[in-house]
Amino acid sequence: MWEVLASTTFVIGLLQAALRTATPLLLAGIGELYGERSGILNIGLEGIMLIGCLFGFMTANMTGVPALGILAGGAAGIVIALIHGVLSISLGVSQVVSGVGINILCTGLSLTIYRAVFGASYSDLPRAPGMTPVQIPLLSDLPVIGTLLFSQLPLVYIAFALVPVTWFVLYRSELGLKIRACGEHPMAAETVGIHVARIRYLCVVITGFLTGIGGTFLSLGLLNFFRDNMTAGRGWIAIAVVIFGRWKPTGIMGAALVFGLASAFQMRLQAIGIDVPYQFLLMIPYVLTMLILIVTYGRSAGPAALGKPFIKEQ
Amino acid sequence: MEQPVVEMKGMVKRFGSLTAVDRVDFTLQKGTIHALLGENGAGKSTLMNLLAGLYQPDEGKIRINGEAAVIHSPRDAYDRKIGMVHQHFMLIPKLTVAENIILGLQTRSSPLLNIKDASGQIRELSQRFGIQADPDALVEELTSGEQQRVEILKMLYRNADILILDEPTAVLTPQEVSSLFQVLRKMAGQGFSIILITHKLEEVLSLCDTVDILRDGKKIDSRPASESDRNSLARMMVGREVLLEYDRLSGEQGETVLETKGISAKGSDGRDLLQDISLQVRAGEILGVAGVSGNGQSELAKTCAGLRRADSGSILCSGRDITGTSIAQRIRLGISYIPDDRHALGMFPGMGVADNLVVKQHDRPPFSRRGFRRESAIHSSADKLIDSYNIRTTSRDTSMRSLSGGNQQKAVLARELSVSPQVIIADQPTRGLDVGAIEYIHQLLLEHRRRNAAVLLISTELDEILNLSDRIIVMYAGRITYTCDTDSADIEQIGLAMAGELQ
């Protein structure tokens with residue numbers, strides 16, 4: 001078995017799978033980063049991702065165009081995120097309550113819509129055209145890293161490109177300074193003429209869009225069909241990724257890769273038939289989430305006003 | 001007479017059923033320093049928040065330089081060159097000085113940040129007005145005096161020429177106060193118009209040209225400061241005669257009751273909160289702890305009360321080592337603690353007054369029998385305390401939340417002091433209260449001193465310390481920087497010690 005694990009094909013296959021598994025976590029994690037940096041905690045990520053996953057699949061199934069599916073998934077994510085926005089920004093509802101509500105809503109909604117559209121038959125599984133890998137000219141011909149890094153699905157490139165883009169937005173643009181100010185001290189932001197609610201709505205929309213797109217990666221990228229609760233906790237892991245990544249774009253990328261690698265590793269172990277009940281292998285990424293949160297949570301400090309409702313004139 | 005810079009007519013602002021500002025007129029002349037004097041809750045800050053665009057008035061008209069103005073947002077206020085330095089600074093600790101100053105400003109040329117140009121302009125402003133500030137420093141690393149200078153620069157950077165300062169001296173040492181006043185005088189001389197919100201009579205008399213007195217949301221009077229004196233101002237502010245000084249009556253002091261020996265403690269971020277603090281409080285003595293807020297005073301109080309552990313050193317109560325004992329044991333030894341933040345630590349806002357009063361003793365007779373509450377005992381004790389401490393509440397079951405700040409604090413004091421404690425640790429017991437409640441609490445503390453309790457009194461109001469204490473220590477950055485008897489206290493030295501500049 002150790003020879004299999006050390007072989008080049010195994011390692012490249014593993015890393016490639018790790019990048020793919022990390023992608024939805026990275027998309028949702030970067031999305032959540034915008035929200036949290038502006039002070040809005042969205043624990044409804046799991047639900048938003050699931051809805052994005054479903055609407056992306058349905059649109060691609062009906063139109064035959066995966067790109068439209070991705071956009072539809074992002075749009076569906078925005079709609080759900082806006083519910084959270086209205087509740088937590090305009091009405092000052094507890095963000096935890098709103099997020100939990102969204103998760104419950106989305107679980108039920110996705111099952112109902114899927115059954116209403118495709119019926120409850122399991123024998124004839126509906127499929128959608130998936131994304132196809134994009135070869136980057138020249139670079140994809142390089143040995144080893146060519147296949148690994150430069151012949152990936154388009155969303156993988158987008159997800160990783162978002163890391164430097166987000167860094168630039170947060171630390172080098174006026175908008176980024178406003179976002180960070182709203183997350184640290186909304187009252188101070190308001191007194192210098194920043195419309196806190198407006199900035200927070202913008203960030204909530206970004207969270208919804210990127211998380212929705214992250215969902216479509218599951219039903220149009222990793223697999224080409226939709227099944228119940230397909231996200232299987234990835235939305236929750238994305239929240240953990242933000243904490244583990246210490247609210248920084250590069251940190252979130254690193255954290256997403258660690259989880260991606262853990263997931264990919266356990267899948268490969270199952271495939272080569274290791275003598276451990278597969279349920280234990282399945283647990284690896286989730287147990288890792290808990291362990292890392294235990295180790296890092298106390299030390300990392302998030303935005304000071306994270307999760308606190310802000311109502312003017314109070 | 002010249003055209004006034006600001007004219008507010010018939011301003012009204014309501015919050016629910018409360019009228020915070022009730023038909024107030026206000027006129028500010030160019031190049032003057034104008035005081036708004038009043039107690040907490042008199043409506044001073046609310047009135048100025050209407051001018052700064054943070055609140056919208058329910059009624060009333062504002063004219064700026066003769067022109068009718070509707071101010072919907074802080075940005076509108078900046079457009080009219082009005083800037084406000086709030087009592088709680090509106091700075092973001094994790095950003096630099098320059099980032100804080102340019103925050104929210106739109107540069108027309110590009111969406112990117114241009115910190116370098118901004119820093120240059122900030123340096124220029126800071127030289128022109130003699131206000132020291134380093135644009136690249138992180139705000140969280142600045143003292144409160146330095147943060148205030150950043151706030152003033154922030155307004156100057158926005159070209160404000162009408163400057164509102166809300167209780168600016170609350171966080172300053174005496175020396176910082178005098179240098180702030182110098183800057184303000186200089187600015188007024190250059191044509192800036194300044195509004196000073198304050199409840200301190202001395203500031204009105206020594207700095208301001210004009211004073212408006214507010215009480216319960218209404219304007220009582222407006223007059224030149226030169227035609228005012230302490231007693232008449234205090235009377236208008238409070239609505240009755242007030243005692244401005246107390247007879248401390250030197251009493252007999254007994255044995256040392258509370259003692260700390262070299263206690264040190266670090267914060268979770270590794271910063272030193274307390275460094276080698278040794279002090280003694282004797283029976284019948286009030287030891288005053290002066291200092292700018294955030295220099296370890298609250299940590300000292302919490303360590304003595306058992307809310308946090310010292311990393312080294314020991315705490316003794318009547319000679320007995322209590323360093324490792326629990327809070328419950330310390331309560332049984334007769335240590336009472338009045339926390340600085342009554343909302344966070346002093347009370348249960350959703351519970352009734354009676355439950356709040358009994359909570360320290362609810363598990364022992366006569367209030368409890370075999371694990372069950374004895375309502376009759378709880379009720380009669382609560383009624384007695386409500387009466388004797390003059391707590392104004394509609395009933396003993398009214399929730400604490402709906403009491404006024406002064407009455408909440410009286411309830412906390414009733415709970416802590418009715419047990420005749422040996423040691424009283426009072427951390428800012430009068431913060432945010434009106435003069436009447438402050439007077440009452442001061443009398444209570446003096447009464448317990450006469451009863452031979454040992455009192456550790458922490459306050460950021462130097463006057464309070466000087467009025468009540470027998471001895472004074474000053475804390476800076478977690479250390480004791482000065483110790484003296486009140487009778488031989490030197491204000492100059494205390495001020496230097498508060499700033500950490502005393503060798």
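Let's start at B:Asp470, which sits in the loop between helix 16 (462-468) and strand 21 (471-476) of chain B. Helices (H or I, at least four residues) and strands (E, at least two) are DSSP runs, numbered from the N terminus. A caution before going on: this is a predicted model, where local features need pLDDT of at least 70, side-chain atom pairs count only at pLDDT 80 or more, and totals for chains, interfaces and linings use all residues. Residues are numbered from 1 along each chain as its sequence is written, chains are lettered from A in the order in which they are written, and side-chain values use heavy atoms, without hydrogens and water.

Is B:Asp470 buried or exposed? Buried, because its relative accessibility is 12%, and the cut-off for buried is under 20% relative accessible area (1.4 Å probe, protein chains only). Its side chain makes a polar contact of 2.8 Å with that of B:Arg449. Polar contact here is a pair of N or O atoms within 3.5 Å, and within protein one must be able to donate a hydrogen and the other to accept it.

Now the interface. Chain A gives 21 residues to the contact and chain B gives 28, with contact meaning heavy atoms within 4.5 Å.

How many salt bridges are there between chain A and chain B? There are 2. One of them pairs A:Glu184 with B:Lys94, the closest N and O atoms being 3.7 Å apart. The cut-off is a side-chain nitrogen of Lys or Arg within 4 Å of a carboxyl oxygen of Asp or Glu.

On the chain A side that touches chain B, helices 7 (154-172), 8 (174-184) and 9 (186-191) each give two or more residues. Helix 8 of chain A has the largest share, 6 residues.

Terms used. Buried < 20%, exposed > 50% of the residue type's maximum accessible area, 1.4 Å probe, protein only.
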